[in-house]
Amino acid sequence: MSMKTPVSVLRLPRGPDPNSRGFDPNSPRFIALCPTTVSTSSSSSGSVDEEEQRLRSELRERFLRTLLLMTDKQVQFDMLEKVRVRARFGASDIDVLNFQVSDLETPLGVQKEALLRCHDVISCSFEL
Amino acid sequence: MLQWSERSPQHWLEFVNHEVCVTARDQQRFEGRVFTVDPVSASVVLVSVQENERPSVRVILGHAVTDVQILGRGTEETERRMKSIFLPSQTQILSAEELKSRRESLRVWLEKNRVPVTEDGEVLRVANALTISAPYGSGDCSCSNEIILARIQSLVESNPGEQQTSHTSESSDNLMRRSDNIC
């Protein structure tokens, strides 16, 4: 009688620290779910970092304004495997890992509330 | 060859305001003018450039971008037009007296609510942490602490002296959602 090799249990990463806002690049959640591809420039002179930070802030603010504009709008989501769904956009989480949507139209019917994994979303579009 | 999401903000900035063609993971192609590239997710925000159609916005998630090619360069005019879509439209230019009376009305309202506020030229300073500049609306508050920001913003919106727009309880709902979205 052969013994089956026990399978190691995979523990999911812990959720964000309840005491902070969660935007910690060293948090287990960020490291586990976000690929570590957001690199800072390799040269480490102070003024270059400041300039890069300024650029990041400008770019990020524009992106947040995009999310604001998208809020409560009917959005078309192009997902993997050529799947397309429509829903009302609610919010994104801080790392752009999940989108909260309402009235998601699926082949099985309309889902009142849902979370879309951004990893499964290729693009989303809306009209003004 | 670095992936799109591994690039630097300087690299992404080179595409902002220009007309591009983005190729996505499933070979789909999207064209439009780049409004921004999110530094956290490398997602590309495109604005449609068709003149006669309703403007539309597309967000292509960073992980799905395989290639971005510039099709045409933008100008100061295209940047201005694009920005006007996203940024709240400028209210009418107010005269110095109108600005002064709005500032005064807000200062009095804040004091009434026991908020420590001082006038510093054209700017109101709250608790040495938040500044409110002209035209003294809730969108003109600047603060690095989001809790203070949210509280003062809702106070500014509820100022009975300045009825700018008619929405009341709706605006505080929007405010809550906005402060949850903003990160």
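The model is predicted. Begin at the hairpin formed by strand 1 and strand 2 of chain B, where four residues lie between the strands. Within this hairpin, select B:Q27, which adopts a positive phi near 70 degrees.

Next, display both strands of the hairpin. Strand 1 of chain B (residues 19-24) and strand 2 of chain B (residues 29-37) run antiparallel and are joined by five bridges. To inspect one position in this pairing, select B:E19, whose bridge partner in strand 2 of chain B is B:R33.

Why is strand 1 of chain B largely enclosed by the rest of the structure? Five of its six residues are buried, so the strand is largely enclosed.

Proceed to the nonpolar cores. The largest has 29 residues, and those touching the most other members are A:F77, A:F99, A:V101, A:L116 and B:F86. Select helix 2 of chain A (residues 46-70) as well: with five residues, this helix gives the most to the core.

Centre the view on A:F77. Beyond its neighbours within four places in sequence, A:F77 is in contact with several residues, among them A:V83, A:F89, A:F99, A:V101, A:L116 and A:C124.

Finish at a second, separate core of 19 residues, including B:W12, B:V16, B:A24 and B:V37.

Key: Residues numbered from 1 in each chain as written. Chains lettered and ligands numbered in written order. Predicted model: local features only at pLDDT ≥ 70, side-chain atom pairs only at ≥ 80, totals over all residues. Heavy atoms only, no water. Buried < 20%, exposed > 50% of the residue type's maximum accessible area, 1.4 Å probe, protein only. Helix = DSSP H or I, 4+ residues; strand = E, 2+ residues; numbered from the N terminus. Pairing = 2+ DSSP bridges. Core = buried A, V, L, I, M, F, W, Y, C linked by side-chain atoms within 4.5 Å. Contact = heavy atoms within 4.5 Å.
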